[in-house]
Amino acid sequence: MKLRFQNRLVLAGVGIVLSVALWTSCARQGDPILARVGGTTIRYSEVKRELLNSARLKPGQVPSDSLVRAELNRLIDLRLRYLEGLARGYDKDSTIASYLKSVRDDFAYRLYLDKHILEKEIPDKELWDYYKRYATRVKIRHILLRLPKDASQDEIDEKRDRIEDIRTQILRGADFASMARKFSEEARTASNGGDWGYIRWGTGRFDEKFYQVAFSLKEGEVSKPFRTRVGWHLLKCEGIIRPSREEFELRKGRLRAELARRRQVHLDSVFYALQKKVMQRYNVHFYDDGFKRFVARVRAIAEDSTVKAPQLRTISVANQFSRIRPEDRPIVLASWSGGKLTIGDVVDEINQMKEFKRPLLKSEGKLREWVGRKVGMKLMIQEAYREGFGKNDIVEREVNYRAERMIAAKVLRNDVTDPSRPTEEDLRRTYEADPELFREPRKARVQEIFIKRDKKLAEKVAKLAKSGADFEELARKYNQRSVTKSKNGWLGYISADMYGAVGKKALQMKPGEIAGPIPMGRGNFSIIRVVALRDSYVPPFEKARPRVRAYYIKHKREELKQALLDRLKKKFPVVIYDKNIATVCQQKGK
């Protein structure tokens, strides 16, 4: 029961709060119409949602014209297919209707939990205070005078006097960065004028006292000297970046989920109390005889002495209901005011699940837990509808959002046939139309020694290789790239766009040359040897066949899709409002 609650509750409101924030934010901006498609509109809020969800736009960022137009065109294509699907009656499809009903139930349930548990236990003010602390960034310069662990009182006082003198000089006009270069004993930042750049609270890099002082400063303010376990410190705040309310609104659901995970035990008890209250209101009753009958049928599989093979007497999620009889299905397991749950209901619902998600109900305890959870959820969904969450504006938008994508996808599946089995004639015609499309790039045959996070070892191996040591032996001994370790570092023929910096460097070398160590990111290094070069060439058809086939399938699918959209644009006129696009893309303050 706890897992179900946790999965639901920590997600409660995440998608919904994002949607609320987007619609509220865009409403404040007027939410201009960017396009009309067949009498429907596509507003900026719809484009912005997609850009934010895909991380192509950050909260508070102004989008570029090209970014907005690219996403708008994608949404126009989607809307055209959706309108065509409606014209064909796809919205009446039973599979789609059933899915959308479950979506509506799910979001109504989440909003219900949000209102009755999360918003009460983790209110917005607490979230905002939490977010401000951890999302605010301050730009810090730092002077450190170190103290040994066993420092005497005289040493402590002497360093304190020195750092107070440094602060006095700074307050009288001395440059903090220059004083840091001269006096700071922090090796990492002293040569850079004590510059730590922008830091966030609680990254684990500093003592708690350091964070407390750093985040209490105003921009331009120099702290008083303070002591931690490593010595005496002096800080200067050179900038503060505070989080925006818009960014907070977009992240609020995830923040609440994060705090909910930390308070899971307490929230579990609140959830159980709410569930109990709802079940009492609906006079829920569980039937012991029904549970006993159900479990007896499931256990009959293991207890059947007429089956000799042991594996056939093993109860699994695939066979657990095989002994349920037609006369068992109407037996009631639970009832409440206005409804009931029978053995048949349980069997049907579980059998509709993917096999790996099905619960194994071979004990009465497991069955009671599953039934209790199911009844509790059904009744809380019912309560959610009673309180109006099922018709909430945001829920309507979420349901419509999913409906549009499901219906549009069905149109695409039905109209764009799969070209995955092209004929020999199709492939040859594609190749002969433009063989240059399948030109192989210039390549180098490369052997590599990949060293993980050890610059000194990489420099040592490179020196050995360049001084004439056997590269094959060095690769066998030192290469740490897992996919080539058994091949003594042989990468084979690679082009300039393969293996990052290795491919680029290899194509600049001559056969027999050795290069490295080449920085590969994350502290890794490569030493490479080029054995041979192969010029760019157009391969014959038989050799190019796999690439020709992939090219044909991709472009044929695009052709069919474009032909569909061209037909739909004639049926459903499209108008794009360039002035409104320019408005949402203009820079702040202009």
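A residue counts as buried when its relative accessible area is under 20%. That cut-off is used throughout this report on a predicted model.

Start with strand β8, residues 332-336. Four of its five residues are buried, so the strand is largely enclosed by the rest of the structure. In a regular strand the side chains alternate between the two faces of the sheet.

Which strands pair with β8? One is β7, residues 285-286, joined to β8 by two bridges. β7 and β8 run antiparallel. Here phenylalanine 286 stands opposite alanine 334 of β8. Another partner is β9, residues 339-342, which is joined to β8 by four bridges. This pairing is antiparallel too. Valine 332 faces threonine 342 of β9 across the pairing. β8 and β9 form a hairpin with two residues between the strands. In this hairpin, glycine 338 takes a positive phi near 95°.

**Strand β1 and its partners**

Now take strand β1, residues 33-37. Four of its five residues are buried, which leaves the strand mostly covered. Four bridges link β1 to β2, residues 40-43, and the two strands run antiparallel. Isoleucine 33 has arginine 43 of β2 as its bridge partner. The hairpin of β1 and β2 has two residues between its strands. Glycine 38 has a positive phi in this hairpin, near 55°.

β1 also pairs with β14, residues 574-576. Three bridges hold this pairing, again in the antiparallel sense. The bridge partner of valine 37 in β14 is valine 574.

Helix α7 covers residues 153-171, which makes 19 residues.

Which residues of α7 are buried? They are Ile156, Lys159, Ile163, Ile166, Arg167 and Ile170. Seen down the helix axis, these buried residues fall within an arc of 100°, so they line one face of α7. They pack against β3 (137-146), α8 (176-183), β5 (226-228) and β6 (231-241). On the other side of α7, Gln153 and Asp154 are exposed. After the helix comes glycine 173, with a positive phi near 125°.

**Aromatic rings**

The model has 16 aromatic pairs. Two of them are set out below.

| Pair | Centre to centre | Angle between planes | Type |
|---|---|---|---|
| Tyrosine 131 and phenylalanine 248 | 5.7 Å | 40° | tilted |
| Phenylalanine 294 and phenylalanine 321 | 5.8 Å | 80° | edge-to-face |

Where do the rings of the tilted pair sit? Tyrosine 131 lies in helix α6 (residues 124-135) and phenylalanine 248 in helix α10 (residues 245-262). The pair therefore ties together parts that are 117 residues apart in sequence. Tyrosine 131 has a relative accessible area of 6%, so it is buried. Phenylalanine 248 is at 0% relative accessibility, so it counts as buried as well.

Phenylalanine 294 lies in helix α12 (residues 288-303), and phenylalanine 321 in the loop between α12 and β8. This pair therefore ties together parts that are 27 residues apart in sequence. Phenylalanine 294 and phenylalanine 321 are both buried.

Rings also gather in a group. Trp196, Trp201, Phe206, Phe210, Tyr211, Phe215 and Phe226 form one aromatic cluster. Trp201 has another neighbour: arginine 133 lies over its face, at 4.0 Å from the ring centre.

**Methionine 509**

Methionine 509 sits in the loop between α19 (501-506) and β12 (514-519). Is this methionine 509 buried or exposed? Its relative accessible area is 5%, so methionine 509 is buried.

Which residues does methionine 509 touch? Leaving out residues up to four places away in sequence, they are Ile514, Ala515, Ile528, Val530 and Leu533. Methionine 509 and alanine 532 are 23 residues apart in sequence. In space, their C-alpha atoms are 9.7 Å apart.

Note on methods
Residues numbered from 1 in each chain as written. Predicted model: local features only at pLDDT ≥ 70, side-chain atom pairs only at ≥ 80, totals over all residues. Heavy atoms only, no water. Buried < 20%, exposed > 50% of the residue type's maximum accessible area, 1.4 Å probe, protein only. Pairing = 2+ DSSP bridges. Phe/Tyr/Trp six-rings, centres within 6.5 Å; stacked < 30°, edge-to-face > 60°. Lys NZ or Arg CZ within 6 Å of the ring centre and 35° of its normal. Contact = heavy atoms within 4.5 Å. Expected span 1.5 Å × (residues − 1). Arc of directions from axis to C-beta.
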